[in-house]
Amino acid sequence: MSEYLDRAFSPATLGKLPLKNRILKAATYEGKTPDGVPGDLLLDFHKGIVAGGTAMTTIGYCTTEADGRINDQMLWIDEVHRPQLTRLTRELKKVDPAVRISGQMAHCGNFSKNRKLQRLQRPLGPSRQINMIGLPSGMPFAGAMTVKDIDYLVKTYHDAAKLMREVGFEAIEIHFSHGYGLSQFISPRTNHRTDAYGGSLANRMRLPLRALAAVRDAVGADFPILGKMGMTDGIKGGLGFDEAQQVAVMLDSAGIDALICSAGTSSFNPMLYFRGATLDKGMIEVEKNPITRLGLKMMGPKLFRHYPYEELYFLEDAKRVRDQVTCQMVYIGGCTELDSLEAVMREGFDFVQLGRPLIKDPNYVHNAMADPNYRNGCSHCNRCATLIEAPGGIHCVENEGSAAS
Ligand SMILES: Cc1cc2nc3c(=O)[nH]c(=O)nc-3n(C[C@H](O)[C@H](O)[C@H](O)COP(=O)(O)O)c2cc1C
């Protein structure tokens with residue numbers, strides 16, 4: 001085994017948390033929490049990931065409150081789920097006591113089609129806008145948060161982080177990217193506020209930094225906090241690379257333990273962070289709402305712009321961010337084959353997060369450690385991502401019929 005693969009499979013520490021290797025499961029909302037409850041479906045999926053040798057699994061898209069959900073099937077972090085969350089972390093530890101469990105904290109902001117809002121009348125973001133995703137479900141408008149709403153949102157980050165720590169999560173990843181709540185504030189495309197939360201980058205970062213401070217306050221100094229940030233929205237008027245580098249510096253200075261650099265937004269151009277086959281065709285197949293289906297047919301090609309897949313598609317940009325910060329760096333994006341893993345390690349990244357490669361082969365780490373010629377073989381058909389709202393949630397369609405599906 002090469003020196004760099006050896007590094008990938010050797011113990012490391014994330015902040016102060018010892019990990020058995022440098023390979024982490026990326027946050028992939030799996031659609032396995034019916035009615036928002038983290039039960040057996042979710043547990044079984046992550047048991048598979050844990051059994052495969054990954055050092056840390058991440059429960060994707062844990063929203064900080066019920067109204068932070070894009071749809072009403074998503075998990076929200078709340079006292080009502082304390083028993084199930086405790087069971088989830090406890091059972092995963094039984095599979096491998098050395099594994100670490102992280103949760104990605106997210107809030108959809110105004111990107112919501114959740115008709116079962118509890119606290120709010122309609123989804124709220126930084127500024128008023130048409131709610132494209134909510135349109136087919138009869139929620140055509142999103143409102144602007146008042147400062148009171150912002151204060152409340154910050155508190156949800158605090159309380160959710162506290163609960164996550166109490167139920168056994170050992171790290172938290174804050175979602176600052178992909179066009180969801182916090183990223184809507186960072187992006188000049190979606191934040192048109194004229195108060196202390198809009199305008200300059202310092203103002204647009206005010207809420208994200210408050211959320212980070214609230215999470216830190218809740219979990220304490222020694223608990224690792226990762227941040228997933230966007231390096232560009234990839235759209236006119238959106239967050240650009242130069243500002244994103246400053247975002248990284250701000251998060252670093254504010255005490256984030258590690259950064260994960262992605263790009264693109266679910267609302268405008270999701271394919272920037274997926275690459276490969278576009279999602280619209282598969283989404284049309286599983287979509288039940290006829291209006292959404294029609295919308296996808298009409299808007300799909302524009303929304304799901306094609307970006308060809310290449311291995312390590314974020315590497316060069318992520319290296320530029322890495323050079324600006326002192327915190328640890330987690331590489332994400334198209335690290336499918338072992339040559340790529342080797343390259344990421346050679347470039348000095350501390351960890352790598354794998355999304356689709358672990359959906360394709362949860363046993364990636366054990367298989368790769370046993371066989372230097374291991375090939376993962378994920379084709380980036382992206383069908384897994386079209387299944388997030390299908391019954392039972394995601395699986396790798398290429399594995400259908402085999403034990404790994
Ligand atoms: C099925 C699926 C669901 C995803 N859900 C999330 C999510 O909840 N949060 C997030 O930050 N990224 C999400 N992503 C993006 C991945 O975390 C990752 O950024 C992307 O897949 C690129 O990494 P990969 O090439 O290793 O798959 C999702 C990806 C897939 C395939």
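In this predicted model, L226 stands opposite A258 in strand β11, and that pair is a handy place to start looking. The two strands involved, β10 (residues 225–230) and β11, pair in the parallel sense over five bridges.

**Around strand β11**

- Strand β11 spans residues 258–262 and is mostly covered, with five of its five residues buried.
- A258, I260 and S262 point one way from β11, while L259 and C261 point the other way. In a regular strand, side chains alternate between the two faces of the sheet.
- Together with helix α8 (residues 241–253), β10 and β11 make a right-handed β-α-β unit.
- β11 also runs parallel to β12, and three bridges join these two strands.
- For a landmark on the β12 side, look at L259, which stands opposite M329.

**The sheet of β6, β8 and β7**

- Here three strands form an open sheet with mixed pairing, in the order β6-β8-β7.
- The edge strands, each pairing on one side only, are β6 (124–125) and β7 (129–130).
- Strands of a sheet pair through backbone hydrogen bonds, and they do so either parallel or antiparallel.
- β6 and β8 pair in the parallel sense over two bridges, and the bridge partner of G125 in β8 is A144.
- β7 and β8 (residues 141–144) run antiparallel and are joined by two bridges.

**Helix α13 and its buried side**

- Helix α13 covers residues 338–346, and its buried residues are L338, L341, V344 and M345.
- These four residues lie on the same side of α13, because they cover an arc of only 115° around the axis.
- What do the buried residues of α13 pack against? Their partners are α1 (3–8), β12 (328–332), β13 (351–354) and α15 (364–370).
- Just after α13, G348 takes a positive phi of about 90°.

**K25, a buried lysine**

- K25 is found in strand β3, which comprises residues 23–25.
- Is K25 buried or exposed? K25 counts as buried because 27 other C-beta atoms lie within 10 Å, and the cut-off for a buried residue is 20 or more.
- Leaving out residues up to four places away in sequence, K25 touches I49, T54, M56, T57, T58, Q353, L354 and L358.
- One of these contacts, L358, is 333 residues from K25 along the chain, yet their C-alpha atoms are separated by 7.1 Å.

**The shell around the ligand**

- The ligand is surrounded by 25 residues, and the closest are T28, Y29, G60, G355 and R356.
- Which elements give two or more residues to this shell? They are β4 (56–63), α9 (271–274), α14 (356–360) and α16 (383–386).
- Sorted by class, the shell around the ligand has 14 nonpolar, nine polar and two charged residues.

Methods
Residues numbered from 1 in each chain as written. Predicted model: local features only at pLDDT ≥ 70, side-chain atom pairs only at ≥ 80, totals over all residues. Pairing = 2+ DSSP bridges. Near = placed C-beta within 6 Å. Nonpolar A, V, L, I, M, F, W, Y, C, P; charged D, E, K, R; others polar. Buried ≥ 20, exposed ≤ 12 C-beta atoms within 10 Å, placed from the backbone. Arc of directions from axis to C-beta. Contact = placed C-beta atoms within 7 Å. Right-handed = clockwise from strand over helix to strand, strands pointing away.
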